[in-house]
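Let's take a walk through this structure together, one stop at a time. Please have the viewer open and follow along.

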Amino acid sequence: MFEPIEPYNTGYLKVDEIHTIYYEEVGNPEGSPILFVHGGPGGGISESSRQYFDPKFYRVILFDQRGCGKSTPSAEIRNNTTLDLVADMEKLREHLGIDHWILFGGSWGSCLSLIYAINHPKHTKGLILRGVFLGRREDNEFLYQEGTSYLIPDGFDEFISIIPKEERNNLIVAYNKYLNSDNLDVAYRAAYHWAKWELSNLALKQIPDLEVILENNKTNLELARLENHYFINDIFLDDDNYILNNIEKIKDIPTIIIHGRYDLICRPIGAYLLHKNLANSKLYFVTAGHSSKEEEIAKKLVEATEEFKDL
């Protein structure tokens with residue numbers, strides 16, 4: 001990864017009567033535009049998000065999606081849908097005077113990037129996708145109901161421990177009640193367990209200082225409440241297989257896909273199906289889990305941004 005770099009431009013963009021999104025730009029103001037699309041929903045950006053790109057070549061745009069990071073209000077689920085986020089990306093592109101850009105998205109960010117590209121193919125120059133998430137109900141159920149539970153049974157036991165036994169037949173629905181409780185202590189407790197389940201499965205090796213990370217109630221609630229809000233509503237799309245059913249619109253866009261062979265959050269089959277349905281894509285399975293910071297994934301992501309210089 002490239003050395004840490006500070007933004008040359010930061011700002012806030014009012015996108016509707018409720019939400020204001022934070023954005024920043026790093027690298028070369030005259031460079032090739034590339035948009036970093038973070039995961040979650042509710043994951044937010046960090047300083048390390050800037051380090052996958054050659055700052056001499058790329059004009060890197062990063063933003064916090066509605067309800068998370070430096071965007072306001074925090075953990076707000078009103079007016080927060082997939083197509084709202086797509087519209088925000090378009091408003092940001094127009095605000096910054098960009099004609100077309102490369103999208104760099106991981107996990108939920110890969111899903112959002114694909115949906116943006118389907119709706120705005122002429123503004124999408126290329127796609128770099130990591131830990132592909134297709135946004136289907138079966139993808140959500142694998143992590144939050146039955147799938148990862150077989151592979152990490154001890155962690156799953158802790159995940160379901162705060163849910164009464166009679167409510168465990170649909171954990172996304174059950175968690176929704178507690179994450180949106182008027183009692184903030186109840187919401188924080190549910191958010192802790194939701195976030196811990198996800199973060200515990202992020203990489204092949206346990207994240208250092210996981211419990212220290214989980215001390216932040218604000219980031220836990222943003223991640224947990226927003227993810228749950230999207231998943232209980234089937235990411236607000238009428239078609240459960242929206243991406244693959246609309247793949248014809250983006251099949252010729254240059255795409256590089258990187259996926260951990262042992263990803264416990266987003267199944268490798270999603271990356272494989274996406275690759276099979278695209279005419280101009282490359283797929284790399286690497287010895288890793290889900291996290292963009294794992295060595296093999298980070299290496300491939302940097303290689304992808306280097307390769308895309310030829311675009």
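In which helix does T305 lie? T305 belongs to helix 12, which covers residues 295-307. Keep in mind as you look around that this is a predicted model.

Is T305 buried or exposed? The relative accessible area of T305 is 0%, and because buried means under 20%, T305 counts as buried. Its surroundings are worth a look. A polar atom of the T305 side chain sits 2.8 Å from the backbone oxygen of V302. Setting aside neighbours within four places in sequence, T305 is in contact with I34, Y52, F53, Y58, F104 and I128.

Now step back to the annotation. An unreviewed UniProt entry lists residues 33-295 as "domain: AB hydrolase-1". In the model, that span is 40% helix and 14% strand, and its end C-alpha atoms are 25 Å apart.

Next comes a pair of helices. Two packed helices are described by the angle between their axes and the distance between the axes. For helix 7 (residues 184-200) and helix 9 (residues 217-232), the axes come within 8 Å and cross at roughly 80°. Angles of 65 to 115 degrees count as roughly perpendicular, and helix 7 and helix 9 are therefore roughly perpendicular to each other. On the helix 7 side, the contact is made by L184, A187, Y188, A191, Y192, W194, A195 and E198. Helix 9 contributes N217, N220, L221, L223, A224, R225, E227, N228 and F231. The residues of this contact between helix 7 and helix 9 divide into eleven nonpolar, three polar and three charged.

Let's finish with some backbone details. Most residues other than glycine have a negative phi, and most peptide bonds are trans. With that in mind, where are the cis bonds to look at here? One joins G40 and P41, with omega at about 0°, and P41 is placed in the loop between strand 3 (32-37) and strand 4 (58-63). Another cis bond runs from T72 to P73, with omega near -5°; P73 is in the loop between strand 4 and helix 1 (82-95).

The loop between strand 4 and helix 1 also holds N79. Although not a glycine, N79 has a positive phi of about 50°, and N79 is partly exposed at 32% relative accessibility. D234, likewise not a glycine, has a positive phi of about 50°. You will find D234 in the loop between helix 9 and helix 10 (242-245), where D234 counts as partly exposed at 23% relative accessibility.

Key:
Residues numbered from 1 in each chain as written. Predicted model: local features only at pLDDT ≥ 70, side-chain atom pairs only at ≥ 80, totals over all residues. Heavy atoms only, no water. Helix = DSSP H or I, 4+ residues; strand = E, 2+ residues; numbered from the N terminus. Buried < 20%, exposed > 50% of the residue type's maximum accessible area, 1.4 Å probe, protein only. Polar contact = N/O pair within 3.5 Å; in protein donor to acceptor, adjacent residues only side chain to side chain. Contact = heavy atoms within 4.5 Å. Axes fitted to C-alpha atoms, helices over the stretch in contact; angles between N-to-C directions. Parallel < 35°, antiparallel > 145°, perpendicular 65-115°, else oblique. Nonpolar A, V, L, I, M, F, W, Y, C, P; charged D, E, K, R; others polar. UniProt positions renumbered as here; feature names shortened; annotations may be inferred.
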